[in-house]
Amino acid sequence: MQKWKLFVIAILFLQVSQAQNFNTDSLLVILSSANNDSNKVNLLRNIGVSLAHKDPQKAIEYWKQGVDLSRQLGYDLGMARSFINIGTGYTFTGKYESAAIYTDSAIFYCHKINDPNRLALSYLNRADIYRNLLDYKNALLYCDTALNYAEQTGNTDRLARIYDIIADIYAVQLQNEPAIANLAKALELYKKDENDIMEGQVYSDLADIYKDMHQVDSATFYYQQAIRIGEKAEDFKNLSTYHADLGDLYTQTGKYPSAETHILLSLQIAHQQENDLQLAAAYAKLSHLYLVQHKYSESVKAGKSGFQYAVSESNLGQQQEIATLLAEAYTGLQDYQNANNYFSISRNLNDSLLRQRFSAQIAALQNSFEIKGKNKEILLLNKEKELQQQRLLRQRVLIAGSIGMVLLALVGIFLLISRHRMRIRMKELRLRNQIASDLHDEVGSSLSSIHMLSRIVTQKSNIGGSNQELLHKLSRNAQETMEKMSDIVWMIKPGEKETTGLVQRMERFMHEMCGEKDIEYNIDIAPLEHARFDMKQRKNIYLIFKEALNNAVKYSGASKIRVQANFENKKLDLQIVDNGKGFSVEDKTMGNGLSNMRDRAQEINGELHIRSGRGTTVQLVMPLS
C-alpha cells in the first residue's frame with residue numbers, strides 16, 4: 001500500500017489519552033512539586049507522550065524515569081505502561097533492537113498483572129518491530145497473539161488496527177486476497193466505532209490493491225468512497241491524497257478531463273493545508289497527465305513546481321520521479337539541453353535511492369540478527385542488490401539511448417567499475433557471514449542444549465547437594481559461554497552501522513548487569529553513534545567496557561555507576577566510574593583483567609588509565625583517524 005500508517009503512534013496514544021489535555025510546559029510545572037508516588041509515574045509517562053513527536057529521545061528519558069520510580073514503588077502497572085512507551089519510542093528512532101528489549105520487558109509485566117488489553121498492545125508492537133525488520137513471518141505470528149488477547153477484551157478499535165496491520169503485511173508481499181479479507185474485517189470494526197478517518201484510509205488501501213490488480217472499476221469505486229468519507233470527516237490531509245490517487249487512476253485509463261479535475265482538487269486542498277509533500281505528489285501526477293497528452297509545456301510547468309516542493313521536503317523519491325517526467329517533457333519540446341540535464345538528475349537520484357534502500361535493508365537485517373540470530377538473510381539481500389543493479393543497468397540503457405552512444409558508454413564503464421568493487425566487497429561479506437552463521441548455528445545450539453538440560457536436571461528433587469552445585473556451575477558456565485560466543489558473532493559480522501550496534505550492545509549489557517543488582521546507573525554514550533570504528537576497534541572498546549563494568553558490579557560494592565563517552569581533539573574518551581570501595585591498582589593478586597584491558601588499549605593505539613580510592617575510574621583514551 002502506498003500510505004504508511006503509523007500504527008505505533010496511534011497505539012501509543014490509546015494508552016495516554018490524559019496527556020492530550022495538557023501541554024508539556026504545564027506538565028513540567030506539575031512535575032516539579034509532585035510526590036514520589038504512582039501519580040508521578042503517570043505524569044512522567046504523559047510528559048513523554050507530549051514530546052514523542054518532536055523529540056522521541058527526550059521522551060524516552062522521561063519514560064525511563066517512570067520505570068525507575070515504578071521499581072522503587074513496586075508499581076507493576078507503571079512498569080508495564082512505561083516499558084510499552086519506551087519500546088515504542090525506540091521504534092520511532094529506528095533502534096529496533098532496543099525496542100525489542102523494552103517491549104519484551106513490557107510483555108513480562110503485562111503477564112505479571114494479567115492485563116490482556118496491554119498484552120494485545122505489547123504483542124502488536126512486537127509485530128510492528130518485525131515488520132520494520134522485513135521479517136513478515138514473525139510479524140504475522142505476533143499479530144495472531146495480539147489478536148487473541150484483543151478478542152478477550154472486546155476492544156474494537158484495537159482489533160481493527162490489528163487487522164489493518166495484518167493486511168499491510170500481506171499487501172507488501174503481494175498476497176492480495178488475505179490483504180483484502182483483513183481490510184474488510186478492519187473496515188467493519190471502524191464503522192462500528194464510527195471512526196471515519198480510519199474508514200477512509202481502509203477504502204483507499206482497498207483501492208490501491210485493486211489498482212495494482214488492474215481491476216479499474218473496483219479501484220475507482222473505493223477511491224470515490226474514500227473521498228466521500230474524507231469530505232464527511234473533513235480529513236483534508238488524506239483527502240488531498242485520495243483525489244490525487246483517483247486522478248492518477250483516471251490518467252492510466254485515458255479519462256483525462258476527470259483526471260485533471262481530481263488532481264487540481266488535490267492541489268487546492270494541499271495548498272490550503274500548506275502540505276509541501278502532498279503538493280509535490282499532486283504536481284507530479286499533473287505533470288504526468290499533461291505528458292501523456294503531449295502537452296509538453298504544461299507538463300514542464302507542473303513538473304518544475306512539483307520538483308521545488310520535493311526539494312523543500314528532501315524527498316529523493318519524488319525528486320527522481322519528477323526529474324524523469326521533466327526529461328521526457330523537454331525531449332518532447334526538443335529542448336535536449338534541459339532534457340539531458342534532468343536525465344542526469346534523475347539518474348543520480350536513482351543511484352542514491354538504491355544505495356539508501358539497500359543500506360536500510362542491510363541495517364534492518366542486522367538488527368534482526370541481534371534479536372533472533374538470522375544473519376543468513378543478509379546473503380539473500382545481497383542477491384537482491386545484484387538484481388537491483390541489473391534493473392538499473394537496463395533502465396539506464398533505455399533512457400540513455402535517446403541521449404547518445406557516448407553517454408551510454410560512460411555509464412557502462414562506471415557500472416563495470418562499481419560492480420567490480422561490489423563483487424570484492426560481497427566476497428568479504430559472504431566469508432564473515434558464513435563464519436558468524438556457523439558459530440551461531442553449530443556452537444550456539446549445542447551450548448543452548450547443555451544450558452537447558454543442566455537446568456532441567458537441577459530441578460530434580462533427588463539430586464544430591466554437591467552434584468546439584470556442580471550442575472548449577474555447569475549451567476552458569478554454559479550460559480556465560482553462550483554470551484561470549486554471541487559477542488564473537490557480533491564482532492565479526494559485517495554491517496554499515498557497526499557503531500550503532502556497539503552503542504546498543506553496551507546499553508543492553510549495562511541494563512542487564514546493573515538491573516540484576518539494583519545498582520543505579522547512568523549511561524551517556526550517544527557520541528559513539530557519530531564515530532566510525534573498524535572491527536578491531538569496536539571489539540576492543542566493547543571488551544574493555546565489559547570487563548570494567550563487570551568488575552564494578554561484582555567486586556566494588558558500588559551503588560552507582562556512570563559510563564560516559566566524549567570526543568575532543570580527535571580522541572575518544574570513554575570513562576566507567578563507580579562509587580565503590582576501590583582497590584590497589586598495584587596489587588598483583590587482582591588477576592589478568594587489568595593487564596588484559598591495558599593490552600587491548602595498546603592494540604588500538606590507546607591508553608588505559610585506572611584511578612582508584614573512594615570509588616574507581618577506568619578511562620580509555622584512543623585516537624580517531
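Reader: Which residues does Ser287 touch, not counting residues up to four places away in sequence?

Author: In this predicted model, Ser287 touches Ser299, Ala302, Gly303 and Leu325 when residues up to four places away in sequence are not counted. Ser287 itself has its place in helix α15, residues 276-292. For Ala302, 15 residues apart from Ser287 in sequence, the C-alpha atoms of the two are 5.1 Å apart in space.

Reader: Why is Ser287 called buried?

Author: The relative accessible area of Ser287 is 0%. The term buried applies under 20%, and therefore Ser287 is buried.

Reader: How do you know that strand β5 is largely enclosed by the rest of the structure?

Author: Strand β5 covers residues 615-623, and eight of its nine residues are buried, so the strand is largely enclosed by the rest of the structure.

Reader: What makes β3 and β5 a pair of strands, and in which sense do they pair?

Author: Pairing requires at least two bridges between the strands. Strand β3, residues 571-578, and β5 have eight bridges and pair in the antiparallel sense.

Reader: Why is the aromatic pair of Tyr123 and Tyr142 called stacked?

Author: The structure has 15 aromatic pairs by the rule applied here. For Tyr123 and Tyr142, the values are 6.1 Å centre to centre and 25° between the planes. Ring centres must lie within 6.5 Å, and planes under 30 degrees apart count as stacked; both conditions hold, so the pair is stacked. The pair links distant parts of the chain, with Tyr123 in helix α7 (residues 116-132) and Tyr142 in helix α8 (residues 136-153), 19 residues apart.

Reader: What makes Tyr123 buried or exposed, and how is Tyr142 classed?

Author: Tyr123 has 12% relative accessibility and counts as buried, whereas Tyr142 has 21% and counts as partly exposed. The cut-off that divides the two terms is 20%. Elsewhere, Phe83, Tyr90, Tyr102, Phe108 and Tyr109 form one aromatic cluster.

Reader: What makes the contact between Asp196 and Lys232 a salt bridge?

Author: The distance from N to O is 4.0 Å, and the definition asks for a nitrogen of Lys or Arg within 4 Å of a carboxyl oxygen of Asp or Glu. The side chains of Asp196 and Lys232 therefore meet in a salt bridge. Asp196 lies in helix α11 (residues 196-212) and Lys232 in helix α12 (residues 216-233), so the pair ties together parts that are 36 residues apart in sequence. Asp196 is buried at 18% relative accessible area, whereas Lys232, at 58%, counts as exposed.

Reader: How do you know that Arg126 and Asp104 form a salt bridge?

Author: The closest N and O atoms of Arg126 and Asp104 are 2.8 Å apart, and the limit is 4 Å. Because Arg126 lies in helix α7 and Asp104 in helix α6 (residues 96-112), the pair ties together parts that are 22 residues apart in sequence. Arg126 is buried, with a relative accessible area of 5%, and Asp104 is partly exposed, with 35%. A search of the whole structure finds 10 salt bridges.

Reader: Why are Arg71 and Asp68 said to be separated by about one helical turn?

Author: Arg71 and Asp68 are three residues apart in helix α4, residues 56-73, which means a separation of about one helical turn. Their side chains meet in a salt bridge, 3.7 Å from N to O. Arg71, at 38%, and Asp68, at 41%, are each partly exposed, because the term applies between 20% and 50%.

Reader: What makes His214 buried or exposed?

Author: His214 has a relative accessible area of 69%; the cut-off for exposed is over 50%, so His214 is exposed. His214 lies in the loop between α11 and α12, and has a positive phi of about 65° although it is not a glycine.

How values were computed
Residues numbered from 1 in each chain as written. Predicted model: local features only at pLDDT ≥ 70, side-chain atom pairs only at ≥ 80, totals over all residues. Heavy atoms only, no water. Buried < 20%, exposed > 50% of the residue type's maximum accessible area, 1.4 Å probe, protein only. Helix = DSSP H or I, 4+ residues; strand = E, 2+ residues; numbered from the N terminus. Contact = heavy atoms within 4.5 Å. Phe/Tyr/Trp six-rings, centres within 6.5 Å; stacked < 30°, edge-to-face > 60°.
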